[in-house]
Amino acid sequence: MTRALIIRHHEAETMGSNFQAILEGRGFELVPCNIFESVPQYDRFNPPPLDDVDLIMAFGGPMSVNDDLPALHRERTYLREALQDGKPVFGVCLGAQMMSTALGGTVEPSGGYQFGLRKIHVTSDGDADPVFGAITTPIVPTLHGECFTIPGGATKLAEGDILLRDGRYRRINMAFRYGSSYAFQFEPQLTLEELRVWDRVFAGDYELIGSAFSPKEESARNLREFAKFAPEHQRQMTALLEAFLANAELE
């Protein structure tokens with residue numbers, strides 16, 4: 001049986017019912033690795049040996065990749081070895097930032113904060129990519145305040161603009177590919193059901209967008225807009241995940 005290791009950093013940040021259904025429908029055994037279970041020390045990261053997994057999916061969390069947490073140090077080493085060995089990795093948000101730093105890249109505060117749908121600028125490489133090219137409507141859900149550099153040997157697939165707290169805009173990286181592995185500074189797995197949970201659990205994050213915005217209005221807008229966009233998001237991200245599995249020869 002094909003085994004997918006599912007690394008999660010927060011109880012509310014799941015792989016999403018859509019992605020779970022796709023993997024289980026293809027006969028994957030989902031192996032959980034819940035770093036959040038060792039909060040607040042975050043001192044446990046006990047995945048199976050790399051030879052015992054076929055795919056790694058690493059999702060988001062509220063901590064910074066730069067935090068001095070034992071579990072994150074061990075996860076970075078694990079991901080570095082996986083990437084060097086050609087094991088396919090699918091990294092989302094914090095998981096993507098972990099991939100960047102595992103490959104020698106850096107992560108820093110962006111100067112702003114995003115929680116909601118945002119347009120991304122797909123590069124020519126991204127448009128031609130067999131996996132990322134599945135994104136035909138370049139609008140994605142986001143939840144982050146830090147950004148990564150594109151590490152050596154990786155290909156930039158998309159950028160985005162983030163509104164800084166001083167009113168300026170900054171262009172940041174939003175996705176890259178390394179071999180058969182992909183890193184996303186957005187949430188391809190997100191469902192409307194999961195967003196409703198995030199809207200409660202991470203309600204304080206709306207205040208991080210800046211004092212010029214009303215958290216209550218941003219919350220309402222986020223839910224309203226994603227409710228309309230969710231079917232399109234699910235359609236293209238289903239295609240993206242299926243292409244990822246096919247490209248990594250995991251179907």
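Predicted model: local features only at pLDDT ≥ 70, side-chain atom pairs only at ≥ 80, totals over all residues.

User: Which side chain of opposite charge is nearest to Glu146, and how far away is it?

Analyst: Glu146 sits in strand S6, which covers residues 139-148. Glu146 is buried yet has no salt bridge. A salt bridge needs a side-chain nitrogen of Lys or Arg within 4 Å of a carboxyl oxygen of Asp or Glu. The nearest side chain of opposite charge belongs to Arg76, at 9.3 Å.

User: Is Gln236 buried or exposed?

Analyst: Look for Gln236 in helix H6, residues 215-247. Its side chain reaches the backbone oxygen of Thr137 at 2.9 Å. The relative accessibility of Gln236 is 0%, so Gln236 counts as buried.

User: What is the distance between the closest N and O atoms in the salt bridge of Glu218 and Arg221?

Analyst: Side chains of opposite charge can pair when their charged atoms come close. Glu218 and Arg221 both lie in helix H6, three residues apart, which is about one turn of the helix. Both residues are buried. Their closest N and O atoms are apart by 2.7 Å.

User: Is Glu225 buried or partly exposed?

Analyst: Glu225 also forms a salt bridge with Arg221, at 2.8 Å from N to O. These two lie four residues apart in helix H6, again about one turn. Arg221 is buried, with a relative accessible area of 16%. For Glu225 the relative accessible area is 31%, so Glu225 is partly exposed.

User: How many salt bridges does the structure hold?

Analyst: One of them pairs Arg168 with Asp166, whose closest N and O atoms are 2.8 Å apart. Counting through the structure, the number of salt bridges is 11.

User: What charge does the surface patch with Asp51 carry?

Analyst: Asp51 is in the loop between strand S2 (29-34) and strand S3 (55-58). Its relative accessible area is 74%, so Asp51 is exposed. Asp51 forms a patch with Asp52, Glu81 and Asp85, and the charge of that patch is negative.

Conventions. Residues numbered from 1 in each chain as written. Heavy atoms only, no water. Patch = residues over 30% accessible without salt bridge, like charges linked within 9 Å, V, L, I, M, F, W, Y side chains within 5 Å. Areas by Shrake-Rupley, 256 points an atom, 1.4 Å probe, with all protein chains shown as cover. Lys, Arg positive; Asp, Glu negative; His and termini not counted. Charge placed at Lys NZ, Arg CZ, Asp CG, Glu CD. Buried < 20%, exposed > 50% of the residue type's maximum accessible area, 1.4 Å probe, protein only. Polar contact = N/O pair within 3.5 Å; in protein donor to acceptor, adjacent residues only side chain to side chain.
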